[in-house]
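I opened the file today to look up a few things about charges and cores. My notes follow in the order in which I checked them.

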Amino acid sequence: MRIVIFIWIGLFYCGCNNSEEYDFQGKVPESRLVLYAYAEADSLLYAEISKSRTYTDNTEMDSTWNARGQVYMNDQYAGELKLVGHNRYSSEVRPKAGDKITIKVACSGLEEAIGSTIVCNSFPEIKLDTFSKMNTLQLRIHLKDRGETENYYRLVIENERFHHGIRWENGHGKIDSSTTYSYDVDLSGDELLSHEMITIIFGKEINVNPYQVFTNESFRGKERIIHASVSHPHAYERETWVITGDGDTIRYVEKESHRLRVKVLRIDKPLFDYLYTLGIFENQSSMYKEPIQVYSNVEDGLGVVGSCFTREVIMDFPAKSEK
């Protein structure tokens, strides 16, 4: 017993300062191509291509500069993927609803990755009712499901903020900029989605569905009203001033306006499974993690090739004078 205690204490005090080498007998997984792509009817095809890394891989993350992507529509060659940014690609292919899209990606040193999907059909227009409550904007999103099959959806709410004014920086210049960000949506008032998204882990509520995907299981062939709330966009117009380096005072009008975009996407099952399992993986407790296998429909690679159809409602919040 004394020997065991001595060894344990020795490991406790030395383990933090010394690195140990282990003879790993298992097989180290090889790096694979990672493909994330989605197709939408009558829209350009977009894709992101990268590679996975293991703890033994010392190469740069961006090592797919020579990747080549080919697009097939209904099993016929339709064109190439062209690089448009860091790991981002697009194609001139504009598929129709019901078309089969296949993407093949090749890169030196890695296996060819292949993914396919069937482009989603449309669904009826959505409607939006709103009202203000305290500092929040309450949303009632009307979604009608045709019910011809099991359908999958995703809710996305974005705010585009426009800012206009003047700044003093080595001479004055006008500000005319915009930023777009996704809202942190409160769905606690929605009977369906609040239960689908929240689980209790060690007494704490965890959002296991941050991508807000859901099915038509409870409203197949019917209309569904989604209840959500977001922080109210604060649009304003006010007169302000700055003092220049020469001591001069410049008065100007600063404006900020907002555009709210409420989107419901009809997505295919591969994209639904990918986003749902990815959300569970990303939002687990940092202390206790279960092994989660993120869904993939990419052969000899990772990621997903999916499709969607988007319905959108836009609300503008113009700048108002603050007095």
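How many salt bridges does the structure hold? I counted 13 salt bridges. I keep in mind that this is a predicted model.

**Entry: salt bridges**

I looked up K100 and found that it forms a salt bridge with D75, with the closest N and O atoms 3.2 Å apart. K100 sits in strand 7 (residues 100-107) and D75 in the loop between strand 3 (68-73) and strand 4 (76-80), so this pair ties together parts 25 residues apart in sequence. K100 has 30% relative accessibility and counts as partly exposed.

Next I took R259, which forms a salt bridge with D316; the closest N and O atoms are 2.6 Å apart. The pair links distant parts of the chain, since R259 is in strand 18 and D316 is in strand 20, 57 residues apart. R259 is partly exposed at 27% relative accessibility, and D316 is partly exposed at 48%.

I then noted that the side chains of K263 and E312 meet in a salt bridge of 3.9 Å, N to O. K263 lies in strand 18 and E312 in strand 20, so the pair ties together parts that are 49 residues apart in sequence. Is K263 buried or exposed? K263 counts as buried, because its relative accessibility is 19% and the cut-off for buried is under 20%. E312, at 32%, counts as partly exposed. Both residues belong to a network of salt bridges that links E158, E160, R261, K263 and E312.

**Entry: D268**

Where is D268? I found D268 in the loop between strand 18 (249-267) and helix 3 (269-282). D268 is buried yet has no salt bridge.

I looked for other partners. The side chains of D268 and T117 are joined by a polar contact of 2.4 Å. A polar atom of the D268 side chain also lies 3.1 Å from the backbone nitrogen of L271. Leaving out residues up to four places away in sequence, D268 touches T117, I118, C120, Y152, V305, G306 and S307.

**Entry: nonpolar cores**

Which residues touch the most other members of the largest nonpolar core? They are L139, I141 and I157, in a core of 28 residues. Strand 10 (136-144) and strand 18 are among the elements that each supply at least two residues of this core. Strand 10 gives the most, with four residues. I also noted a second, separate core of 22 residues, which includes I49, I103, V119 and V305. V305 is one of the residues that D268 touches.

How values were computed: Residues numbered from 1 in each chain as written. Predicted model: local features only at pLDDT ≥ 70, side-chain atom pairs only at ≥ 80, totals over all residues. Heavy atoms only, no water. Buried < 20%, exposed > 50% of the residue type's maximum accessible area, 1.4 Å probe, protein only. Lys, Arg positive; Asp, Glu negative; His and termini not counted. Salt bridge = Lys/Arg side-chain N within 4 Å of Asp/Glu carboxyl O. Polar contact = N/O pair within 3.5 Å; in protein donor to acceptor, adjacent residues only side chain to side chain. Contact = heavy atoms within 4.5 Å. Core = buried A, V, L, I, M, F, W, Y, C linked by side-chain atoms within 4.5 Å.
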